Amino acid sequence: MTRMPITNTPKAATIDHAQPVSRTLARAFDDDPMMRWFFPDDSNRQAGLARYFTTLFTRQYAQHGVCERTDAAAAFWVPPEGQEKAVPDAGTVEELQNILGDRAPLFRDAVRAAARHTPEEPHWYLAVIGADPAARGQGHGAALLRSGLAKADAAGLPVYLESSKPSNLAFYEHFGFIVRGEARLPGGGPVLWAMRRGARPAADA
């Protein structure tokens, strides 16, 4: 049987894609310092992460953001007009608390710490991006990043993100991001880096 090639061409991600998108992101973030802080137990981290990303995707980003996927990666973006609506409502917060259990206070502290670095200027926010480790090096993350950056550049707006994984900083810097601040998350958590990329002409995306 001929195996279908895995394509890294970005395409829209809708709620119908929640299961594969969440599984992909669970694998992508298994070694992420902040996710390991939220889900310290190796035995149930994958299941917890899948529920976590399903909740964020279906209740927030698929509703108020721009979500894209490839066959092995996914990215959630929020343009300026969706940022107030993308804030978790009471139902989403309750669901996340159920998923995180006794780690829920750490999540709340992390959200507050990150909010201190959020720029006041209109911007696109890269909330989540991740590629399945089995497909890393095949351009999936880069393709999704370029796609979102092109939309931000077309709108003439900067882009903001946070990362807790040191090895990712050089990847983002390659695309023009600059570290603008860092915070040690409360309760012995990892460092969170805030990064910004200024708007560029569309041809430079």
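I take a residue as buried at under 20% relative accessible area, exposed at over 50%, and partly exposed in between, with a 1.4 Å probe and protein chains only. By that rule, 47% of the 205 residues of the chain count as buried.

A note on what I am looking at: this is a predicted model, where local features need pLDDT of at least 70, side-chain atom pairs count only at pLDDT 80 or more, and totals for chains, interfaces and linings use all residues. Residues are numbered from 1 along each chain as its sequence is written, and side-chain values use heavy atoms, with hydrogens and water left out.

**Overall build**

I looked up the elements and found 7 helices and 7 strands in the chain; these are DSSP runs numbered from the N terminus, helices being H or I with at least four residues and strands E with at least two. Read from the N terminus, their order is β-α-α-α-β-β-α-α-β-α-β-α-β-β. The C-alpha trace spans about 55 × 45 × 30 Å along its principal axes.

Next came contacts, meaning heavy atoms within 4.5 Å. Among those between residues at least 6 apart in sequence, 74% join residues at least 24 apart.

**Two residues**

Is Ser22 buried or exposed? I found Ser22 buried, because its relative accessible area is 2%. Ser22 sits in helix α1, and, leaving aside neighbours within four places in sequence, it touches Ala50, Phe53 and Thr54.

Then I turned to Ala12, in strand β1 (residues 11–12). Ala12 has a relative accessible area of 52%, so it is exposed. Beyond its neighbours within four places in sequence, Ala12 is in contact with His17, Cys67, Glu68 and Arg69.

Which element gives the largest share of its lining? Helix α1 does, with 5 residues. Both α1 (18–28) and β3 (73–78) supply at least two lining residues each. The lining includes Pro20, Arg23, Arg69 and Asp132.

Methods: 1 Å grid on protein atoms, 1.4 Å probe; cavity = no way out; pocket = protein on both sides within 12 Å on 5 of 7 lines; lining within 4 Å.
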